[in-house]
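Subject: Two-chain model, with notes

Hi,

Here is the structure I promised to hand over. Please open it first, then read the notes below.

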Amino acid sequence: MAKASKKSATKTKSTTPTQQRLWLMYPPKLIKQPFIWEVGHKFKVITNIRQASVTDEIGIVCLELAGPRDEVKAAIKWLEKNKVNVEPVEISAIEG
Amino acid sequence: MSEQHQGYMKALKCRECGREYPLEATHVCEFDFGPLEVAYDYDRIKKAISRETIAARPKTMWRYRELLPVAGDPTVGAQVGFTPLIKADRLAKKLGIRELWIKNDAVNYPTLSFKDRVVSVALSRSKELGFETVACASTGNLANSVAANAASAGLKSFVFIPSDLEHGKIVNSLIYGATVIGIKGHYDEVNRLCAEIAGKFGWAFVNVNMRPYYAEGSKSMAYEIAEQLGWRAPQHTIVPMASGSLLTKIHKGYQELVKVGLIADSQPKIYGAQATGCSPISTAQKAGLDFFKPVKPDTIAKSLAIGTPADGFYALKVMRETTAAADDVTDDEIRDAIKLLAETEGIFAETAGGVTVGVAKKLIESGKIPKNDSVVICVTGNGLKTLDAVQHHCGKPHEIKPSLREFEALLAHEEKVNA
């Protein structure tokens with residue numbers, strides 16, 4: 001019988017290794033931008049694409065970002081600043 | 001894991017690649033991050049249940065327990081479900097449809113919304129998996145339901161909310177003893193934090209790591225509709241869409257009843273309803289797209305305000321496959337529809353109910369639903385929860401002095417106005 005995992009809530013630091021699973025959604029005018037390459041160069045993060053779908057209307061990429069926590073957070077902020085919609089894989093975690 | 005310990009469930013299965021996973025608290029495929037869904041042993045279920053065995057059980061959603069993702073008997077929310085299916089003749093006349101039914105989850109137990117269905121499944125399964133703490137992130141109905149059902153089961157609960165949520169809505173969770181945490185920040189940031197919390201702590205986050213089980217609870221609405229109609233699926237079912245999950249699960253529910261031999265395959269159509277201020281799925285459906293574009297919600301229908309719906313893609317697929325449609329209504333149309341339902345059927349629905357009734361009106365008027373057919377409208381929450389949305393739009397009481405003459409004058413005036 002699978003049991004609940006008893007993870008301890010250890011204190012999170014800015015250097016704590018983190019992995020985030022994200023959906024990136026690009027509006028049409030940004031589809032040609034090599035954002036994922038840029039993220040890998042600007043920040044100390046490993047990018048790992050798991051799924052992608054690009055049409056004339058929208059670009060959708062399922063991406064795993066791994067690295068120190070502050071670098072992962074900064075990478076997400078940078079993507080958002082560039083008008084890329086960034087959501088966790090669990091996109092509607094907040095419900096009505 | 002033995003059959004005894006997994007009930008009629010077989011595995012968790014990726015909706016994208018079909019890879020199977022053990023029946024644990026996990027929700028995405030490790031390969032393509034596709035969502036996981038519970039797979040069942042339908043051959044065994046078919047042998048285990050019949051219309052007669054179901055009829056002999058208590059009138060709750062758990063009368064269909066073989067088709068729900070728990071290994072043993074439910075331990076949380078044993079009284080949930082089997083809400084009324086009301087023949088709505090007066091509303092049918094107004095909308096110009098031959099046969100209309102309202103599935104009324106506005107009176108679901110214990111917190112007056114359909115969320116009690118999904119939460120009782122998620123918490124029952126959480127207890128089976130050994131969790132002692134449950135959590136959710138919500139702006140309303142889900143938070144209330146988690147707090148109430150956790151309290152009754154003796155589970156510790158954490159409820160995450162955006163910090164600017166109205167106080168009235170917070171009281172509905174605080175009263176049950178839940179730890180309520182307001183998070184400052186934009187929706188996207190709050191969403192990401194909740195996903196992180198769900199990953200870091202060993203809690204059952206009902207709509208994150210418990211999502212495969214949680215979402216299955218919605219199917220019970222379809223089972224009940226079919227049984228209450230005399231074991232048949234309606235021609236048309238209209239469902240409100242937030243994440244789009246309810247629509248896909250109503251469809252799955254009807255399909256499963258066919259699979260286990262409880263109803264005939266009548267190819268029911270499932271229609272989706274959204275508010276115009278947050279309509280990524282209906283906009284995509286109307287444009288003939290198989291994907292949606294994220295939006296920033298701006299609507300009074302807060303319980304449907306998900307701009308990036310997790311099951312949007314799958315909801316679009318169901319509507320395409322059942323040759324159904326979607327539509328959306330403005331805030332004014334939502335208020336009008338709430339009043340129409342209340343004045344014709346005596347049912348006070350929350351804003352999501354106004355969305356569904358308003359969209360039903362549009363679908364019938366446009367001929368997408370033929371006037372000679374039979375329709376079920378799903379009302380998923382109680383109007384007492386969204387009083388602020390209608391309080392300045394339903395008139396004021398007449399005030400008179402304690403005088404019979406004044407009352408008679410008022411009546412005469414009213415008769416004149418209404419003549």
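What pattern does chain A follow, read along the sequence? The pattern is β-α-β-β-α-β-β. Helices (H or I, at least four residues) and strands (E, at least two) are DSSP runs, numbered from the N terminus.

Some ground rules. This is a predicted model: local features need pLDDT of at least 70, side-chain atom pairs count only at pLDDT 80 or more, and totals for chains, interfaces and linings use all residues. Residues are numbered from 1 along each chain as its sequence is written, while chains are lettered from A and ligands numbered from 1 in the order in which they are written.

Chain A

Chain A has 2 helices and 5 strands. Its C-alpha atoms fill a box of roughly 45 × 30 × 25 Å, taken along the principal axes. Of its 96 residues, 33% are buried. Buried means that 20 or more other C-beta atoms lie within 10 Å of the residue's own; 12 or fewer is exposed, in between is partly exposed, and C-beta atoms are placed from the backbone. Take the contacts in chain A with a separation of 6 or more: residues 24 or more positions apart account for 69% of them. Two residues are in contact if their C-beta atoms, placed from the backbone, lie within 7 Å.

The helix pair

Helix α1 (residues 35–42) and helix α2 (residues 69–81) of chain A pack at an angle of about 140°, with their axes 10 Å apart. That makes α1(A) oblique to α2(A). Axes are lines fitted to C-alpha atoms, for helices over the stretch in contact, and angles run from 0 to 180 degrees between N-to-C directions. Under 35 degrees is roughly parallel, over 145 roughly antiparallel, 65 to 115 roughly perpendicular, and the rest oblique. On the α1(A) side, the contact is made by A:Phe35, A:Val39 and A:Lys42. On the α2(A) side, A:Ala75, A:Trp78 and A:Leu79 make the contact. By class, that is 5 nonpolar, no polar and 1 charged. Ala, Val, Leu, Ile, Met, Phe, Trp, Tyr, Cys and Pro count as nonpolar, Asp, Glu, Lys and Arg as charged, and the others, Gly among them, as polar.

Where the chains meet

26 residues of chain A are in contact with 45 residues of chain B. On the chain A side, β1 (17–26), β2 (46–54), β4 (85–88) and β5 (94–95) each supply at least two residues. β4(A) gives the most, with 4 residues. This side of chain A has 13 nonpolar, 5 polar and 8 charged residues.

β5(A) and strand β6 (residues 133–138) of chain B run parallel over 2 bridges. There, A:Glu95 has B:Ser138 as its bridge partner. Two strands pair if DSSP finds at least two bridges between them.

Chain B

Strand β13 (residues 374–379) of chain B has 5 of its 6 residues buried, so it is largely enclosed by the rest of the structure. Strand β5 (residues 99–104) of chain B runs parallel to β13(B), joined by 6 bridges. Strand β10 (residues 236–240) of chain B also runs parallel to β13(B), with 3 bridges. B:Ile377 is the bridge partner of B:Ile102 and of B:Ile238.

Elsewhere in chain B, 3 strands form an open antiparallel sheet in the order β2-β1-β3. β2 (20–21) and β3 (36–40) of chain B are the edge strands, each pairing on one side only.

Best wishes
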